[in-house]
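Here are my comments on the model, point by point. Please read them with the coordinates open.

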Amino acid sequence: MRIFLADLGHNQLTFSSDVYPLGIANLAVYAQAYFELREPLDIKLFREPQDLKAALDDATPDILGLSSYAWNHELALQCARYAKARDPKTVTLLGGPNFPLTLSEQETFLRQLPEIDLAVRGPTYEGERAFLNIIRRFAQAGHTLMGIQEEPVPGNVWINKQTGAFVHGGEVERIHDLDEIPSPYLKGWMDPYFATGYFPMLTMARGCPFTCAFCNSSVKSNSRIYRHSIENTKADLIYIAERVRA
Ligand code: B12
Ligand code: SF4
C-alpha cells in the first residue's frame with residue numbers, strides 16, 4: 001500500500017510554518033508499528049508542496065493524507081485536487097486540528113470539500129489510531145474507497161460518494177500511555193529535517209483540563225492529560241541535540 005502523508009507549508013514569499021512535521025511522522029511511525037495485515041506499507045512524508053507535486057507526477061499513491069492547520073488548509077486542498085486530477089482512484093484523507101469539533105459542523109465542512117474523501121474527526125489528538133483504522137479497512141476492503149465506505153470506521157467521517165449521506169464512525173479511545181507511539185526521531189523519520197533549518201518539535205503530553213471558549217483543545221474528551229515517560233522524552237532530546245543544526 002503506497003501512502004503519501006503531507007504536512008505542507010507555503011515556502012515562497014515566506015514560510016507559513018517552520019517546524020518538523022510531527023503529526024504525520026507520528027501517523028507513519030504508529031502505522032509501521034501496529035499495522036499487522038500481510039501487506040507492505042510504503043509510507044512517504046512530505047513537507048514541501050514542490051516535493052509532493054514531483055512525487056505525484058512520478059507515481060500516484062493509494063492514499064494521500066493531508067494535514068489541515070489554519071496556515072496550510074487551502075494548500076492541502078489544492079494538492080488533493082491535483083492528486084485527484086492525476087488519478088481519481090487516489091483516496092484523499094484530511095486530518096489535523098483545523099477541523100470542526102461538532103458533527104453538524106463537520107458535515108457542513110465536508111460537503112464543501114468534494115476533493116476530500118475521508119477525514120479524521122475531532123478531537124484530532126489521537127489521529128494515530130484513526131489513521132491505523134482507516135488503512136486496515138482499506139487493506140481489507142480491496143483498496144477501494146467504496147470498500148472503505150461500506151461501514152463506519154472509528155475516528156473517521158465522510159460523505160458517502162454514492163448515497164450522499166454523512167457518515168461518522170464514533171470517537172477513538174484516548175491513548176493513555178503516550179509511549180505507545182514510538183518515537184519518530186529514534187525511528188529515523190525526522191532525519192531528513194535536521195538539514196532544513198526548521199525547528200524540531202516534541203510532544204511530552206496531550207490534553208488540557210481547561211475550557212477556553214475559543215480553543216479547540218477545550219473539548220471534554222481532551223480534558224485528561226496523558227504523557228510520555230521521562231525516559232522517552234530524554235532519549236528524544238539527546239537524539240535531537242546530537243543532530244540539530246546550530
Ligand atoms: C506546537 C504548536 C505551535 C508551534 C508550532 C506550530 C506548527 N507549525 O506546527 C508554534 C508555537 C510555532 C505555534 C504557533 C501557532 N499556532 Co500553534 N500549536 C501548537 C500545539 C500546542 C501543538 C501542535 C503539535 O505539534 N501537536 C503534536 C502533533 C503530534 O499533533 P497534531 O499536529 O495535532 O497532529 C495530530 C492530529 O492533529 C492528527 N493529524 C495531523 N495531521 C494529520 C494528517 C492526516 C492525514 C491525519 C489522518 C491526521 C492528522 O494526527 C496527529 C497525531 O495524533 C497546538 C495545540 C495542541 N495541543 O495540539 C497549537 C495549534 C496547532 N496552534 C494553533 C494556532 C492557531 C497557532 C497560530 C496561528 C497562533 C497565532 N495566532 O499566531 C501560530 C501559527 C503557527 C504557524 N504558522 O506555524 C491552533 C491551530 C488551529 C487550527 N485551526 O489550525 C492549535 C491547534 C491551538 C488551538 N488549540 O487552537 N503553534
Ligand atoms: S487555550 Fe485554554 S483550553 Fe486551549 S490549551 Fe490553552 S488553557 Fe487549554
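1. Start with the helix α5. Its buried residues pack against α1, β3, β4, β5 (118-120), α6 (145-148) and β6 (156-159). Keep in mind that this is a predicted model.

2. Which residues of α5 are buried? They are Gly-127, Glu-128, Arg-129, Ala-130, Phe-131, Ile-134, Ile-135, Arg-137 and Phe-138. Note that Glu-128, Arg-129 and Arg-137 are on that list. On helices in general: an α-helix has 3.6 residues a turn, so residues three or four places apart point the same way.

3. The length of α5 checks out. At 1.5 Å a residue, its 14 residues should span 20 Å, and the end C-alpha atoms are 20 Å apart, so the two agree. Just after α5, Gly-142 has a positive phi of about 70 degrees.

4. Now the overall fold. The protein chain has seven helices and nine strands. Its radius of gyration is 17 Å, close to the 18 Å that the globule rule gives for 246 residues, so the chain is as compact as a globular protein of that length. Along the principal axes, the C-alpha atoms fill a box of roughly 50 × 45 × 40 Å.

5. Burial and contacts come next. Of the 246 residues in the protein chain, 35% are buried. Take the contacts between residues at least 6 apart in sequence: 68% of them join residues at least 24 apart.

6. The largest nonpolar core holds 50 residues. Leu-5, Ala-6, Ala-28, Cys-79, Leu-93, Ala-119 and Ile-134 have the most contacts inside it. α1 gives the most to this core, with seven residues.

7. Look at Ala-6 in more detail. Leaving out residues up to four places away in sequence, Ala-6 touches Ile-24, Phe-46, Leu-52, Leu-66, Ser-67 and Cys-79.

8. Ligand 1 has 32 residues around it. Gly-23, Gly-65, Ser-67, Gly-95 and Gly-127 come nearest. At least two shell residues each are supplied by α1 (22-34), β3 (63-67), β4 (91-95) and α5 (127-140). The largest share, five residues, comes from α1. How does this shell divide by class? It has 16 nonpolar, 14 polar and two charged residues.

9. Ligand 2 is surrounded by Cys-208, Phe-210, Cys-212, Cys-215, Ser-217 and Ser-218. Four residues of this shell are nonpolar, two are polar and none is charged.

Definitions and conventions:
Residues numbered from 1 in each chain as written. Chains lettered and ligands numbered in written order. Predicted model: local features only at pLDDT ≥ 70, side-chain atom pairs only at ≥ 80, totals over all residues. Near = placed C-beta within 6 Å. Nonpolar A, V, L, I, M, F, W, Y, C, P; charged D, E, K, R; others polar. Helix = DSSP H or I, 4+ residues; strand = E, 2+ residues; numbered from the N terminus. Rg over C-alpha atoms; globule rule 2.2 N^0.38 Å. Buried ≥ 20, exposed ≤ 12 C-beta atoms within 10 Å, placed from the backbone. Contact = placed C-beta atoms within 7 Å. Core = buried A, V, L, I, M, F, W, Y, C linked by C-beta atoms within 7 Å. Expected span 1.5 Å × (residues − 1).
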